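Notebook open, model loaded. I'm jotting things down as I look them up, beginning with the place where the chains meet.

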Amino acid sequence: MKDIRKFQQMYRDGRMGRRDFMAALGALGVGTAAAAGFLTSAKALAATPQKGGTARYANNLHGPDDQMDPMVFTSGIDYTRGRATYNGLIQMVDGMVLAPELAEEWSANADATEYTFKIRKGVEFHDGSALTADDVAWTMSRHIGEESPSTAKALLAAITEWKVMDSHTVKAMLSSPDSDLPAKLTEKQMKIVKMGTEDFRKGNGTGPFVLESFEPGVRSTHVRNANYWREGANFDALEITGITDPLARANALIAGDVDLINQVNAKSIALVESSETARVISTPTSAYTGICILKNTAPGENDDFVKAMQYIQDRDRIVRSILKGHGTVGNDHPVGPAFGPDHCSELPIREFDPDKAKFHLDKSGVTAAELFVAPVRLGIEEISLLMQANLKKIGFDLTIRKVPSDGYWGAVWMKEPMNVVSWNMRPTANAQLAIQFAPHGNWNDTFWHNDRMGELLKAQLAETDEAKRHAMLCEMQTLVHNGSGMVIPAHVNEVDGASNKIHGIPTVPFGALGAYEWVEFAWMEA
Amino acid sequence: MTLLSALLRRTALGVATLFVVSVLIFVGTSILPGDVANIILGQMATPESLAALRTKLGLDEPAHIRYLIWLSDLLSGDLGFSKAGAGTGTVGTPISEMLMPRLINTIRLGGAVAIVAVPFAVTIGLLAAMYPGTRLDRFVTFTTLGLISVPEFLVATLLVLVIAVQLGWLPATAYISGQETGLKLVRALAMPALTLVIVASSQIMRMTRATVLNVMNSPYIEMAILKGVPRRRIILRHALLNAIGPIANVIALNLAYLVSGVVVVETIFAYPGLAKLMIDAVQTRDLPLVQACAMIFCATYIVLIFIADMVSILSNPRLRHPK
């Protein structure tokens, strides 16, 4: 019975088709007629969202630096609160499809250097004031300029100005074409705030929930916005908090003290899966962790050394044993299969090959190297140790220096010749490539500056022909795969947990629990 | 007279200690790599945005100037603003506003533990001392030694596994919003309090037993035994009063630990207390917040140890009337 419920749950979550569901129940010895009955009951539940209930969410990180200013959002707890409190112009829904949010419609000129957004009318902020084009232009302008502390400004670097055309129309003027702009506007930092806001802790947005209380590092409470501009959330209220200890977080979910959690770690997955009250939701993403080898200094300036480090990655084993299957094999470039057609599936995976690794190592003449490892993402420490062990087998001693993640990005990253790195999934394949590999970019952390790469990044944004766009993306992925100093053995899934009472969580790979979209679309079985 | 002068001397020493600690904490936190601006912007920092944010947060002043500004604010009763939450030119949260609910939570948990643990531990410790070598004494000695050696995260995790997950009697997290009263509050506090009672009482028990037994070897106890005083009376009237000094000190240290050192328990039960706040503040290099927490912890130690010393002076006529 427990298994049947599990399969019903998977069917409701859209993780299993009708055919698979019937086959799975058949395997359990359930007759076809009875299985059809279970299917109908699962479907009925899937079709009728119920209103009401308080959803309690626990995030893996929180602290006194929790923010309510969307521009400097950095962690899942900020993003979740942001999704509840604010709206963006455009949103990403199931299957990575762009959908209108505060922008009713948008259009670009022929060469994608000028975008016009029609802002929805009749939308009100929580303080009762109406949303106008001024609010949108003011909000978006905060991301522009060298001094802007926006954590997403790299995505909007092409924009020179946001112009107010009339009370409900704004234009974005670009210095160079960007056909990806609408997708970039779905990022969590681009939520629209009231013009002139100074104290963001009040959370004056247009979103589905009104912020009731906000204590950084403790918790926040939110109540349903009765005045929302569309049908709105199913929950009556939200409680958002943090439980930093992974095991404590999983236990709280299983014991029913919280309904949703992010980051179920490898040790807790089995615990949650074997419980009767909660389930694991694992979504393939293009986020990755890997080893960053600086190309502007020894030993990374030697191409053979980098090749050796790439061939020594036992990718299948990393996905199978370290990530427990919750990941996909990486190919030393950042665009994973989660990007669908934008992923270059033509490029063969660089297989684990100790002989080739040894050949390249001997050729490089490098005899020792030191890797700085901090737990920047789950699994990276184990990946480094596996790499060290495999290198030892071919007679190379890799020294591993363990450092704390506290202060890592300022003290180690982009400084030490070999370090570990973690990158989240960006809204488009181009953005994913640009952030880390644009020549002379701020975050070019392997210091690999390739002119052809720079040209392609720009040209692809101006190209509208799908086949040519893909060819360009594929060429860029191949360039990174062959030339950069990045070792990307695996893309990691987003592994979250939810109570079996929670249904309707969308599947969007850009963050926890449907990229925070659960806030508005999920619902609770009474 | 001696009490008053001791009080004055102790107060002056306490203030001096606080000052030294504040300097040490300030220097220590400044030595750590990165500052608030680094931490807020994290992986997404650029040199320009870092410089802009530093100016906004007043971090471009030299360190000693920032320390003096903090000190003069403190002397005028202003704890300042938390830098980490300030982010983008938004006013940060006033530190007093962040501290108060946490301080209340910490006192609540520490108080609950103290009310249960201190009488319980002293009684059991005395019982063990009254009947040394008996089965009861051996049992107490072995279990307390075992529990002291088990790290508290293990105790906490085992309790969660059994009481919250398997039996479902109590919530797995001690999440409290501040509005809970009566039974709800007791339920929320029960798990972390139980963990800490186990950890804290073991030490008090052992210390009570050891000091009382130590006194039992003194000549005047031998005298009491020889003149036929019952054992119970010897322990309660003669030995305990003379052992109070060290016991009071170990209780004070344990109470101070309950205020400042319970970060592991706070993390496992997601209990919003002061210790976790200080760790978070260090991780975000939020100096004013680190300083405020450090001052509270330091003051707690000073006051509690002062009280313990007073108790031992008062309980000892030789110290009460020095020659």
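This is a predicted model: local features need pLDDT of at least 70, side-chain atom pairs count only at pLDDT 80 or more; totals for chains, interfaces and linings use all residues.

**Entry 1: the contact between chains.** I started where chain A and chain B touch: the contact takes 37 residues from chain A and 45 residues from chain B. Next I asked which helices of chain B supply at least two residues each to the side that touches chain A. They are H2 (36-41), H3 (47-57), H7 (152-166), H11 (263-268) and H12 (274-283). I then sorted that side of chain B by class and got 24 nonpolar, 18 polar and three charged residues.

**Entry 2: chain B overall.** I went through the secondary structure of chain B and found 14 helices and zero strands. For the extent of the chain, I looked at the C-alpha trace, which spans about 85 × 60 × 35 Å along its principal axes.

**Entry 3: one helix of chain B.** I picked H4(B), residues 63-75, and checked its span. Its 13 residues reach 18 Å from the first C-alpha to the last, close to the 18 Å expected at 1.5 Å a residue. Just after H4(B) I noted Gly77(B), with a positive phi of about 85 degrees.

**Entry 4: a helix pair in chain B.** How do H6(B) and H8(B) pack? H6 (residues 135-149) and H8 (residues 182-216) of chain B have axes 9 Å apart and an angle of about 130 degrees between them.

**Entry 5: a sheet in chain A.** Over to chain A, where I traced an open sheet of four strands in the order E4-E5-E7-E6, with antiparallel pairing. E4 (103-108) and E6 of chain A stand at the edges with a single partner strand each, so one side of each has no neighbour in the sheet.

Then I took the pairs one by one. E4(A) and E5(A), residues 114-119, run antiparallel and are joined by five bridges. In that pair, Ala103(A) has Ile119(A) of E5(A) as its bridge partner. E6(A), residues 159-166, and E7(A), residues 169-174, are antiparallel over six bridges. Here I found Trp162(A) bridged to Ala172(A) in E7(A). A hairpin through two residues joins E6(A) to E7(A).

What lies across E5, E6 and E7 of chain A? I found helix H5(A), residues 133-141, running at about 175 degrees to E6(A).

Entry 6: A reminder to myself: most peptide bonds are trans, and most residues other than glycine have a negative phi. I flagged the bond between Ala298(A) and Pro299(A), which is cis with omega about -5 degrees. Pro299(A) sits in the loop between strand E13 (288-293) and helix H9 (303-311) of chain A. I also flagged Lys324(A), which is not a glycine but has a positive phi of about 50 degrees. I located Lys324(A) in the loop between helix H10 (315-322) and strand E14 (327-329) of chain A.

Notes
Residues are numbered from 1 along each chain as its sequence is written. Chains are lettered from A and ligands numbered from 1 in the order in which they are written. Two residues are in contact if their C-beta atoms, placed from the backbone, lie within 7 Å. Ala, Val, Leu, Ile, Met, Phe, Trp, Tyr, Cys and Pro count as nonpolar, Asp, Glu, Lys and Arg as charged, and the others, Gly among them, as polar. The expected span of a helix is 1.5 Å times one less than its number of residues. Two strands pair if DSSP finds at least two bridges between them. Axes are lines fitted to C-alpha atoms, for helices over the stretch in contact, and angles run from 0 to 180 degrees between N-to-C directions.
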